[in-house]
Amino acid sequence: MTGKTPLSELTTTRFTNTVILSAILLYGLLAYLSYAFNLTFLPLIGIVAILGVGYVYSSLKDPYYILLLVALGSYLGNLVHLVEGAVPLTIFQVLLVACFLFVALNKLMRADFEVKLLGIELELLLFTALIFLSLIYSPNEVNGMFNALRFTVLLITVYLVVNIITNINQVAGILIILAIVSVVLGSLSIKETLLNPEAAVMDYLTDGGVKDRASGTQIDPNIFASHFLLPLAFVSSIFLTYKSYIIRGLSFLASILFIMGLMSTFSRSAWVAAAISLIIVAYYHRQLKIFVWLGLFAFFAVLFIPQLQFVALNIMERVIDIFAGSDDDSSMIRIMLGLAAMGMFFDSYFMGIGFRGFPEAFPNYYSTQVSIGVSEPHNITYTVLAELGIIGFILFVFIYWKIGSIAYHNIKNSISDLERSISITLFATYIAFIIFYQFYGGGLFDNNFWILVGLIFALNYNILKPAEQIKSELT
């Protein structure tokens with residue numbers, strides 16, 4: 001007895017054959033045109049176009065593929081602007097819009113309208129509502145409105161991540177992609193700064209005034225430095241989890257490269273954040289000996305590489321300068337900003353001076369000449385206190401504490417080595433970002449931070465539910 005092929009399978013087969021045949025004909029046409037008109041680039045364009053169409057089709061079936069590009073685009077930062085000058089659109093922004101559309105189309109095609117929630121919707125709604133309400137009395141309402149919308153979009157990004165990821169392997173895939181691109185970015189930064197003898201000598205001879213700080217794909221070296229926090233925690237956790245010599249070797253080399261990439265930025269806030277992140281990773285793996293290996297490697301690297309000797313001296317001066325300071329030192333400016341923030345808080349402690357009002361209000365407390373023109377806040381905590389008052393601060397603390405609690409419980413609920421390794425990575429990086437933004441501004445608008453938050457909640461969905469299923473089966 002012979003069965004008939006279902007109509008759905010026939011339709012899929014015909015569609016696939018049509019796509020393949022169309023691709024062959026298109027490539028043949030491009031090859032002919034390139035031969036006839038001596039346009040050698042056409043076949044390459046054809047290959048890229050065919051691969052692009054295939055990737056779009058795959059992303060429609062599973063938006064995870066476009067999410068990979070969103071994470072990659074976030075790390076590329078300002079490397080490419082699609083419209084130079086007039087409209088500074090970045091790859092990340094375009095891919096984020098595409099990701100939203102792909103998710104919507106995918107849900108329509110599957111008739112699946114379920115939306116995974118975070119469990120802190122009320123707090124997020126109140127915090128966002130307070131931001132928009134404060135624009136009524138903010139002295140910087142135009143910039144405040146722009147950044148309020150930006151913050152809202154980043155919150156939507158968290159929900160996109162949570163609703164796209166369906167298993168832990170997808171979380172691992174994103175971390176691997178980010179680690180690979182960070183290897184490239186770190187290598188380029190090291191070549192241009194640490195291994196550039198002229199840059200190293202000139203920086204040292206300028207009394208610690210670092211002029212050749214790596215900024216990579218970002219305008220600000222400090223923000224670029226924060227790009228290495230997640231990859232460094234990930235490869236360190238992998239190194240301490242798996243026994244394979246190949247995996248350990250690659251992870252160790254990558255971690256050294258990321259540390260040197262951090263050094264090339266000369267960002268003290270990122271150094272502190274990365275160090276605490278590594279301590280957390282080592283603590284949860286019960287493997288504090290990693291610091292001995294890293295210390296020995298750093299000692300011999302400085303001993304045998306002359307360029308790094310100047311860099312080491314410069315780094316020592318940067319660290320010592322934290323406790324020294326003068327009127328034009330960045331540490332003293334941070335103190336001024338903090339004191340001004342406290343003044344703003346006590347002057348309007350209930351609901352603050354208004355979202356993004358800090359730069360406009362700062363000259364009322366200190367002259368910008370004294371702060372060398374710096375008026376942007378350099379601490380996320382006192383920024384919220386000053387701009388949104390005690391109400392906004394309470395909401396802010398609760399939201400961030402809840403996110404950290406979820407990240408911590410992911411470690412407790414982990415079963416497999418991969419789950420535990422990724423859980424520790426995300427928790428350590430979350431703490432690192434919190435610390436980093438105690439020394440630098442803009443913490444509410446960091447793409448990488450909110451993607452990290454999305455990964456934390458996505459991991460929670462994908463390890464907590466299986467654990468509950470196992471418990472129910474045992475009982």
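User: Which residue lies over the face of Tyr461, and at what distance from the ring centre?

Analyst: In this predicted model, Lys116 is placed over the Tyr461 face, 5.4 Å from the ring centre. Phe239 has a charge over its ring as well: the charged end of Arg248, at 5.0 Å from the centre.

User: How is a pair of aromatic rings described?

Analyst: Two quantities are used, the distance of the centres and the angle of the planes. The whole structure holds 24 aromatic pairs. One of them joins Tyr430 and Phe449, with 5.9 Å centre to centre and 25° between the planes. The pair counts as stacked, because its angle falls under the 30 degrees set for that class.

User: Which parts does the pair of Tyr430 and Phe449 tie together?

Analyst: Tyr430 belongs to helix α18 (residues 417-436) and Phe449 to helix α19 (residues 447-474), so the contact links parts 19 residues apart in sequence.

User: Is Tyr430 buried or exposed, and what is the relative accessible area of Phe449?

Analyst: Tyr430 is buried, because its relative accessibility of 3% is under the 20% cut-off. Phe449, at 2%, is buried too. Both residues are members of one aromatic cluster, which also includes Phe127, Phe151, Phe396 and Trp450.

User: Helix α18 also contains Glu419. What is the nearest side chain of opposite charge to Glu419, and how far away is it?

Analyst: That side chain is Arg420, 9.7 Å away. Glu419 is buried and has no salt bridge, because such a bridge needs a nitrogen within 4 Å of a carboxyl oxygen.

User: Which residues does Glu419 touch, leaving out those up to four places away in sequence?

Analyst: Glu419 has contacts with Ile168, Asn413, Ser414 and Ile463.

Definitions and conventions
Residues numbered from 1 in each chain as written. Predicted model: local features only at pLDDT ≥ 70, side-chain atom pairs only at ≥ 80, totals over all residues. Heavy atoms only, no water. Phe/Tyr/Trp six-rings, centres within 6.5 Å; stacked < 30°, edge-to-face > 60°. Helix = DSSP H or I, 4+ residues; strand = E, 2+ residues; numbered from the N terminus. Buried < 20%, exposed > 50% of the residue type's maximum accessible area, 1.4 Å probe, protein only. Lys NZ or Arg CZ within 6 Å of the ring centre and 35° of its normal. Lys, Arg positive; Asp, Glu negative; His and termini not counted. Contact = heavy atoms within 4.5 Å.
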